[in-house]
Amino acid sequence: MKKFLFILLFCINLFGEERIVTLSPSINEIVFALGKGQIVVANTSFCDYPAESKNIKKIGGYSSISLEKLLEAKPTIVIGQDYDENLTKNLQALNIKVLSYKTKTIENIKNTISELGILFKKEEKSKELVSGINNSLDSLKSIVENKKILIVISPKDSLSNQIYVTGNFLYFEDIIKASGNKNAYNSSNSAQPVVNTEKIINMNPDIIVLLAPFYEGKTKELKEIEKLWAKLPISASKQNNIYAIDKEYAGIPSQRVKYFIDDFRKILEDVRNK
């Protein structure tokens with residue numbers, strides 16, 4: 001009995017000393033969703049969800065992590081994504097435990113949730129989160145099919161020649177395919193696609209979805225942007241299939257991708273019901 005209590009107290013003390021630093025919004029959100037937000041001692045400037053994340057020590061942005069500030073947080077574990085090998089090597093050289101995850105595809109996102117669930121002994125919660133994503137994906141089936149869908153990232157107030165769209169190597173592609181439709185943009189190049197209006201006209205998408213989280217609450221401004229796109233001589237304009245998702249979770253590959261999928265389903269249902 002005494003031996004059991006000693007082991008229990010040791011585990012409690014070890015848990016109490018655990019200190020996590022998260023290096024991306026998606027990882028930060030997943031850690032909080034798994035119930036471990038109370039031991040996050042530092043994160044990045046873009047980690048602002050849930051609300052309490054805003055008050056946590058900031059150590060830089062995506063490509064400007066301050067190693068000095070990170071070390072000041074005295075982390076026992078640093079959790080990030082696989083895009084900063086130099087930082088990872090520097091931390092490992094200092095004997096700091098570093099975990100890197102991918103969130104490019106839906107499978108990546110689900111695997112990250114599952115693996116962190118195992119790490120934190122929150123398997124049931126991680127299964128619940130993954131199940132929510134799977135159920136939302138299943139709900140996309142047989143609404144409308146064989147439509148060319150273009151998803152535009154952070155649309156501007158003008159149709160300039162620098163228009164960012166989602167390519168064929170991100171989780172948006174998985175969502176479009178799960179719905180029985182196809183990405184209007186098609187390329188074997190995995191780099192971030194940047195197109196112009198001529199390219200979009202040639203693609204002739206049937207549905208356009210504008211990812212506009214920076215316009216949340218700015219209904220008038222967003223409507224003006226939608227009007228710009230509605231002027232293009234494409235199928236989506238002619239059929240009034242220009243939509244915007246202005247929620248701040250749009251574009252964050254965390255467990256909240258479920259909410260984006262649910263919004264996407266509503267768009268498909270609206271297209272079907274016209």
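Reader: Leaving aside neighbours within four places in sequence, which residues is F264 in contact with?
Author: Happy to start there, in what is a predicted model, where local features need pLDDT of at least 70, side-chain atom pairs count only at pLDDT 80 or more, and totals for chains, interfaces and linings use all residues. Residues are numbered from 1 along each chain as its sequence is written, and side-chain values use heavy atoms, with hydrogens and water left out. Contact means heavy atoms within 4.5 Å. On that basis, the partners of F264 are L140, I149, I175, I176, S179, V209 and I245.

Reader: Which residues touch the most other members of the largest nonpolar core?
Author: Such a core joins buried Ala, Val, Leu, Ile, Met, Phe, Trp, Tyr and Cys residues through side-chain atoms within 4.5 Å. Buried means under 20% relative accessible area (1.4 Å probe, protein chains only). Among the 44 residues here, the ones you want are I79, I175 and F264.

Reader: And which helix gives the largest share of this core?
Author: Helices are DSSP runs (H or I, at least four residues) and strands are E runs of at least two, both numbered from the N terminus. With 7 residues, spanning positions within 257–273, the contributor is helix α11.

Reader: What do the buried residues of α11 pack against?
Author: The buried set in α11 includes V257, F260, F264 and V271. Their packing partners are α5 (106–119), α6 (123–138), β6 (148–153), α7 (171–178), β10 (207–211) and β11 (242–245).

Reader: Which residue with positive phi follows α5?
Author: Buried residues of α5 pack against elements including β4 (77–81) and α11. After this helix comes a residue with phi near 60 degrees, K121.

Definitions and conventions: Buried means under 20% relative accessible area, exposed over 50%, partly exposed in between (1.4 Å probe, protein chains only).
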